[in-house]
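Reader: Please take me through this model feature by feature, giving the general idea each time and then the case at hand.

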Amino acid sequence: MEKKILEIRNLTKGFGRRGGYEYRVIKGINMDVYSGDFIAVMGPSGAGKTTLLNLLSTLDKPDGGSIILDREDLIKTGNKRLSEIRRDKIGFIFQEYNLLDNMSLEDNIALPLALNGVKSREVEMRVRKMADMFGLGEHLKKYPYQLSGGQKQRGASARALVTEPEILFADEPTGALDSRSSRELLMSLKNANDSGKATILMVTHDAYAASYAKQVYFLADGQIQCRLVRKEDRKEFYEKILDLQISMGGERE
Ligand SMILES: Nc1ncnc2c1ncn2[C@@H]1O[C@H](COP(=O)(O)OP(=O)(O)OP(=O)(O)O)[C@@H](O)[C@H]1O
Ligand SMILES: [Mg+2]
(Lines give C-alpha, C1' and ligand atoms only; values in the text may rest on other atoms or scores of the structure.)
(Ligands and ions follow the chains in the order given, each with its own letter.)
Protein backbone atom coordinates (compact mmCIF):
# COMPACT_ATOMS: atom_id res chain seq x y z
CA MET A 1 0.00 0.00 0.00
CA GLU A 2 1.41 3.39 -1.04
CA LYS A 3 1.71 6.07 1.60
CA LYS A 4 -1.00 8.71 1.54
CA ILE A 5 0.70 12.07 1.27
CA LEU A 6 -2.17 14.45 0.79
CA GLU A 7 -5.84 14.23 1.75
CA ILE A 8 -8.08 17.07 0.62
CA ARG A 9 -11.62 17.22 1.97
CA ASN A 10 -14.46 19.63 1.20
CA LEU A 11 -12.05 22.37 0.30
CA THR A 12 -13.65 25.75 -0.40
CA LYS A 13 -12.34 29.17 -1.31
CA GLY A 14 -14.00 32.37 -2.44
CA PHE A 15 -12.87 35.89 -3.13
CA GLY A 16 -14.70 38.90 -1.71
CA ARG A 17 -18.16 39.60 -2.97
CA ARG A 18 -19.45 40.30 -6.44
CA GLY A 19 -22.94 41.70 -6.89
CA GLY A 20 -23.75 40.94 -3.27
CA TYR A 21 -22.76 37.27 -3.57
CA GLU A 22 -19.53 35.81 -2.40
CA TYR A 23 -17.58 34.73 -5.47
CA ARG A 24 -16.70 31.10 -4.89
CA VAL A 25 -13.89 29.62 -6.94
CA ILE A 26 -13.30 26.31 -5.16
CA LYS A 27 -16.60 24.70 -4.18
CA GLY A 28 -15.83 21.53 -2.29
CA ILE A 29 -12.89 19.59 -3.61
CA ASN A 30 -11.94 16.10 -2.43
CA MET A 31 -8.75 14.41 -3.53
CA ASP A 32 -6.18 11.95 -2.27
CA VAL A 33 -2.56 11.86 -3.38
CA TYR A 34 -0.36 8.82 -2.71
CA SER A 35 3.40 8.62 -2.91
CA GLY A 36 4.45 7.86 -6.47
CA ASP A 37 1.42 9.60 -8.00
CA PHE A 38 1.74 11.93 -10.96
CA ILE A 39 -1.54 13.81 -11.16
CA ALA A 40 -2.54 16.53 -13.58
CA VAL A 41 -5.49 18.77 -12.70
CA MET A 42 -6.91 20.22 -15.89
CA GLY A 43 -9.40 22.97 -16.35
CA PRO A 44 -10.07 25.99 -18.53
CA SER A 45 -8.67 29.42 -17.72
CA GLY A 46 -10.36 30.81 -14.64
CA ALA A 47 -11.43 27.36 -13.39
CA GLY A 48 -9.43 27.87 -10.20
CA LYS A 49 -6.33 25.79 -10.87
CA THR A 50 -3.86 28.32 -9.50
CA THR A 51 -6.18 29.07 -6.60
CA LEU A 52 -6.28 25.35 -5.75
CA LEU A 53 -2.51 24.98 -5.98
CA ASN A 54 -1.94 28.06 -3.82
CA LEU A 55 -4.16 26.53 -1.13
CA LEU A 56 -2.39 23.17 -1.27
CA SER A 57 1.06 24.72 -1.19
CA THR A 58 0.07 26.93 1.80
CA LEU A 59 0.54 30.20 -0.10
CA ASP A 60 -3.11 31.00 0.54
CA LYS A 61 -5.72 30.01 3.16
CA PRO A 62 -8.96 28.21 2.30
CA ASP A 63 -12.37 29.21 3.70
CA GLY A 64 -13.30 25.67 4.70
CA GLY A 65 -12.37 22.02 4.53
CA SER A 66 -9.12 20.32 5.35
CA ILE A 67 -5.75 19.69 3.73
CA ILE A 68 -3.86 16.91 5.46
CA LEU A 69 -0.24 16.74 4.32
CA ASP A 70 1.65 13.80 5.78
CA ARG A 71 -0.85 13.57 8.69
CA GLU A 72 -0.80 17.29 9.55
CA ASP A 73 -3.81 19.50 8.88
CA LEU A 74 -2.34 22.57 7.18
CA ILE A 75 -5.39 24.64 7.99
CA LYS A 76 -4.87 24.23 11.72
CA THR A 77 -1.12 24.73 11.53
CA GLY A 78 0.55 27.94 12.66
CA ASN A 79 2.77 30.05 10.43
CA LYS A 80 6.07 28.96 11.92
CA ARG A 81 5.33 25.29 11.38
CA LEU A 82 3.91 26.06 7.91
CA SER A 83 7.19 27.59 6.83
CA GLU A 84 9.01 24.46 8.03
CA ILE A 85 6.57 22.32 6.06
CA ARG A 86 7.14 24.45 2.97
CA ARG A 87 10.88 24.09 3.41
CA ASP A 88 11.00 20.36 4.16
CA LYS A 89 8.02 18.74 2.49
CA ILE A 90 6.92 20.82 -0.47
CA GLY A 91 8.55 21.65 -3.79
CA PHE A 92 7.12 24.21 -6.21
CA ILE A 93 7.55 25.00 -9.87
CA PHE A 94 5.82 28.01 -11.36
CA GLN A 95 5.08 29.05 -14.91
CA GLU A 96 7.97 31.51 -14.83
CA TYR A 97 11.16 29.89 -13.74
CA ASN A 98 11.99 31.95 -10.66
CA LEU A 99 15.72 31.29 -10.72
CA LEU A 100 17.90 33.90 -9.03
CA ASP A 101 19.72 35.88 -11.75
CA ASN A 102 22.90 36.58 -9.83
CA MET A 103 23.62 32.94 -9.02
CA SER A 104 24.91 30.17 -11.27
CA LEU A 105 22.58 27.30 -12.09
CA GLU A 106 24.56 25.13 -9.70
CA ASP A 107 24.08 27.59 -6.83
CA ASN A 108 20.41 28.01 -7.68
CA ILE A 109 19.81 24.26 -7.44
CA ALA A 110 21.89 24.06 -4.26
CA LEU A 111 20.16 26.98 -2.57
CA PRO A 112 17.47 25.10 -0.60
CA LEU A 113 20.13 22.71 0.74
CA ALA A 114 22.52 25.53 1.60
CA LEU A 115 19.71 27.29 3.49
CA ASN A 116 19.13 24.06 5.42
CA GLY A 117 22.80 23.81 6.42
CA VAL A 118 23.51 20.62 4.46
CA LYS A 119 27.27 19.84 4.24
CA SER A 120 28.94 20.98 1.04
CA ARG A 121 30.03 17.52 -0.17
CA GLU A 122 26.49 16.24 0.25
CA VAL A 123 25.17 19.36 -1.53
CA GLU A 124 27.52 18.79 -4.46
CA MET A 125 26.48 15.17 -4.78
CA ARG A 126 22.77 15.91 -4.67
CA VAL A 127 23.03 18.83 -7.10
CA ARG A 128 24.97 16.61 -9.51
CA LYS A 129 22.31 13.89 -9.28
CA MET A 130 19.50 16.34 -9.95
CA ALA A 131 21.41 18.00 -12.80
CA ASP A 132 21.85 14.61 -14.46
CA MET A 133 18.19 13.77 -14.02
CA PHE A 134 17.19 17.02 -15.73
CA GLY A 135 19.88 16.93 -18.43
CA LEU A 136 21.70 19.97 -17.06
CA GLY A 137 25.10 18.47 -16.28
CA GLU A 138 27.01 20.67 -18.69
CA HIS A 139 25.20 23.89 -17.82
CA LEU A 140 25.84 24.08 -14.08
CA LYS A 141 28.33 26.95 -14.24
CA LYS A 142 26.07 29.13 -16.38
CA TYR A 143 23.94 31.99 -15.11
CA PRO A 144 20.21 32.09 -15.87
CA TYR A 145 20.66 34.69 -18.67
CA GLN A 146 22.91 32.15 -20.45
CA LEU A 147 20.24 29.44 -20.38
CA SER A 148 17.24 28.77 -22.61
CA GLY A 149 13.74 28.92 -21.16
CA GLY A 150 13.56 25.13 -21.13
CA GLN A 151 16.90 24.80 -19.34
CA LYS A 152 15.80 27.37 -16.77
CA GLN A 153 12.58 25.51 -16.11
CA ARG A 154 14.42 22.20 -15.78
CA GLY A 155 16.74 24.01 -13.37
CA ALA A 156 13.78 25.25 -11.35
CA SER A 157 12.47 21.67 -11.26
CA ALA A 158 15.85 20.34 -10.12
CA ARG A 159 15.91 22.97 -7.38
CA ALA A 160 12.38 22.04 -6.31
CA LEU A 161 13.29 18.35 -6.04
CA VAL A 162 16.80 18.61 -4.57
CA THR A 163 15.41 18.58 -1.02
CA GLU A 164 13.47 15.39 -1.82
CA PRO A 165 10.10 16.91 -0.89
CA GLU A 166 7.07 14.73 -0.15
CA ILE A 167 5.27 16.39 -3.02
CA LEU A 168 6.04 18.64 -5.96
CA PHE A 169 3.41 21.21 -6.98
CA ALA A 170 3.67 22.59 -10.50
CA ASP A 171 1.53 25.42 -11.90
CA GLU A 172 1.51 25.36 -15.72
CA PRO A 173 5.20 24.46 -15.78
CA THR A 174 5.25 24.36 -19.59
CA GLY A 175 3.24 27.57 -20.00
CA ALA A 176 6.22 29.64 -21.12
CA LEU A 177 7.97 26.92 -23.15
CA ASP A 178 7.97 25.96 -26.81
CA SER A 179 6.89 22.45 -27.73
CA ARG A 180 10.35 20.89 -27.71
CA SER A 181 11.30 22.39 -24.34
CA SER A 182 7.90 21.37 -22.99
CA ARG A 183 8.49 17.79 -24.07
CA GLU A 184 11.93 17.74 -22.47
CA LEU A 185 10.64 19.15 -19.21
CA LEU A 186 7.71 16.73 -19.09
CA MET A 187 9.99 13.78 -19.90
CA SER A 188 12.29 14.83 -17.05
CA LEU A 189 9.38 15.11 -14.63
CA LYS A 190 8.11 11.74 -15.79
CA ASN A 191 11.58 10.22 -15.24
CA ALA A 192 11.77 11.73 -11.76
CA ASN A 193 8.37 10.23 -11.03
CA ASP A 194 9.16 6.83 -12.58
CA SER A 195 12.40 6.55 -10.62
CA GLY A 196 10.50 7.06 -7.38
CA LYS A 197 12.05 10.47 -6.75
CA ALA A 198 8.98 12.61 -7.11
CA THR A 199 5.28 12.64 -6.33
CA ILE A 200 3.80 15.31 -8.57
CA LEU A 201 0.61 17.36 -8.63
CA MET A 202 0.57 19.61 -11.69
CA VAL A 203 -2.15 21.95 -12.86
CA THR A 204 -2.45 22.79 -16.53
CA HIS A 205 -4.97 23.69 -19.20
CA ASP A 206 -2.89 21.77 -21.73
CA ALA A 207 -3.93 18.24 -22.71
CA TYR A 208 -0.45 17.48 -24.02
CA ALA A 209 1.19 18.31 -20.68
CA ALA A 210 -1.51 16.38 -18.82
CA SER A 211 -0.90 13.28 -20.96
CA TYR A 212 2.45 12.74 -19.18
CA ALA A 213 0.64 12.22 -15.88
CA LYS A 214 -0.71 8.89 -14.63
CA GLN A 215 -4.05 10.41 -13.66
CA VAL A 216 -5.93 13.45 -14.89
CA TYR A 217 -8.60 15.24 -12.85
CA PHE A 218 -10.93 17.69 -14.56
CA LEU A 219 -11.78 20.85 -12.64
CA ALA A 220 -14.80 22.88 -13.67
CA ASP A 221 -17.33 25.00 -11.79
CA GLY A 222 -15.15 24.78 -8.71
CA GLN A 223 -15.35 21.00 -8.45
CA ILE A 224 -13.58 17.91 -9.72
CA GLN A 225 -15.96 16.67 -12.42
CA CYS A 226 -14.23 13.46 -13.42
CA ARG A 227 -10.98 11.58 -13.46
CA LEU A 228 -9.08 9.59 -16.07
CA VAL A 229 -6.52 6.96 -15.10
CA ARG A 230 -3.90 6.24 -17.71
CA LYS A 231 -3.84 2.63 -18.88
CA GLU A 232 -2.61 3.12 -22.43
CA ASP A 233 0.47 4.72 -23.96
CA ARG A 234 0.88 8.47 -23.77
CA LYS A 235 -0.44 9.25 -27.26
CA GLU A 236 -3.64 7.31 -26.78
CA PHE A 237 -4.06 8.86 -23.35
CA TYR A 238 -3.67 12.30 -24.96
CA GLU A 239 -6.50 11.49 -27.41
CA LYS A 240 -8.68 10.32 -24.54
CA ILE A 241 -8.05 13.54 -22.62
CA LEU A 242 -8.94 15.61 -25.70
CA ASP A 243 -12.15 13.62 -26.22
CA LEU A 244 -13.18 14.11 -22.62
CA GLN A 245 -12.40 17.82 -22.86
CA ILE A 246 -14.71 18.10 -25.87
CA SER A 247 -17.48 16.11 -24.20
CA MET A 248 -17.25 18.50 -21.25
CA GLY A 249 -17.86 21.42 -23.56
CA GLY A 250 -14.27 22.51 -24.04
CA GLU A 251 -12.67 23.42 -27.33
CA ARG A 252 -10.26 21.10 -29.04
CA GLU A 253 -7.15 23.25 -29.44
N1 LIG B 1 -6.86 37.21 -5.32
C2 LIG B 1 -7.98 37.15 -6.03
N3 LIG B 1 -8.98 38.02 -5.82
C4 LIG B 1 -10.13 37.95 -6.53
N5 LIG B 1 -10.40 37.01 -7.46
C6 LIG B 1 -9.44 36.11 -7.72
C7 LIG B 1 -8.18 36.12 -7.01
N8 LIG B 1 -7.43 35.09 -7.48
C9 LIG B 1 -8.18 34.48 -8.41
N10 LIG B 1 -9.37 35.08 -8.55
C11 LIG B 1 -10.45 34.66 -9.47
O12 LIG B 1 -10.68 33.29 -9.28
C13 LIG B 1 -10.93 32.62 -10.52
C14 LIG B 1 -9.93 31.48 -10.70
O15 LIG B 1 -8.62 32.01 -10.88
P16 LIG B 1 -7.35 31.08 -11.06
O17 LIG B 1 -6.18 31.98 -11.20
O18 LIG B 1 -7.32 30.09 -9.97
O19 LIG B 1 -7.68 30.36 -12.44
P20 LIG B 1 -6.80 29.35 -13.30
O21 LIG B 1 -7.62 28.12 -13.49
O22 LIG B 1 -5.46 29.21 -12.70
O23 LIG B 1 -6.71 30.11 -14.70
P24 LIG B 1 -5.47 30.18 -15.77
O25 LIG B 1 -5.55 28.91 -16.58
O26 LIG B 1 -5.83 31.38 -16.58
O27 LIG B 1 -4.20 30.32 -15.01
C28 LIG B 1 -10.81 33.70 -11.59
O29 LIG B 1 -12.12 34.11 -11.93
C30 LIG B 1 -10.07 34.81 -10.92
O31 LIG B 1 -10.43 36.06 -11.42
MG1 LIG C 1 -3.48 29.69 -13.30
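Author: Let us begin with Asp 70, which sits in the loop between strand E4 (64-69) and strand E5 (72-73); helices (H or I, at least four residues) and strands (E, at least two) are DSSP runs, numbered from the N terminus. The model is predicted, so that local features need pLDDT of at least 70 and side-chain atom pairs count only at pLDDT 80 or more, while totals for chains, interfaces and linings use all residues. Residues are numbered from 1 along each chain as its sequence is written, and chains are lettered from A and ligands numbered from 1 in the order in which they are written.

Reader: What is the phi of Asp 70, and how exposed does it count?

Author: Asp 70 is not a glycine, yet its phi is positive, about 50°. For exposure, one counts the other C-beta atoms, placed from the backbone, within 10 Å of a residue's own: 20 or more make it buried, 12 or fewer exposed, and anything in between partly exposed. Asp 70 has 17 C-beta neighbours inside 10 Å, and therefore counts as partly exposed.

Reader: Which strand holds Asn 10, and is Asn 10 buried or exposed?

Author: Asn 10 lies within strand E1 (residues 4-18), and it too has a positive phi of about 50° without being a glycine. With 12 other C-beta atoms within 10 Å, Asn 10 is exposed.

Reader: How should I read helix H1, and why is it largely enclosed by the rest of the structure?

Author: Helix H1 (residues 49-56) is largely enclosed because six of its eight residues are buried, namely Lys 49, Thr 51, Leu 52, Leu 53, Leu 55 and Leu 56. After H1 comes Thr 58, whose phi is positive, near 65°.

Reader: Which residues surround ligand 1?

Author: A residue is near a molecule if its C-beta atom, placed from the backbone, lies within 6 Å of it. Ligand 1 is surrounded by Phe 15, Val 25, Gly 43, Ser 45, Gly 46, Ala 47, Gly 48, Lys 49, Thr 50, Thr 51 and His 205. The most is given to this shell by H1, with three residues.

Reader: What span does helix H5 reach, and what covers its buried residues?

Author: The expected span of a helix is 1.5 Å times one less than its number of residues. Helix H5 (residues 149-161), with 13 residues, reaches 18 Å from its first C-alpha to its last, close to the 18 Å expected. H5 is mostly covered, 12 of its 13 residues being buried, and among them are Gly 150, Arg 154 and Leu 161. Contact here requires C-beta atoms, placed from the backbone, within 7 Å of each other; what covers the buried residues of H5 includes strand E6 (90-93), helix H3 (105-115), helix H4 (120-133), strand E7 (167-171) and helix H6 (179-194).

Reader: In which sense do E6 and E7 pair?

Author: Two strands pair if DSSP finds at least two bridges between them. E6 and E7 pair in the parallel sense over four bridges, and the bridge partner of Phe 92 in E7 is Phe 169.

Reader: Where is Asp 178, and is it buried or exposed?

Author: Asp 178 is found in the loop between E7 and H6, and is exposed, with 11 other C-beta atoms within 10 Å. Asp 178 and Thr 77 are 101 residues apart in sequence, and their C-alpha atoms are 39 Å apart in space.

Reader: What does the protein chain look like as a whole?

Author: The chain's secondary structure comes to eight helices and 10 strands, and its C-alpha trace spans about 55 × 45 × 40 Å along the principal axes. Of its 253 residues, 40% are buried.

Technical notes. Contact = placed C-beta atoms within 7 Å.
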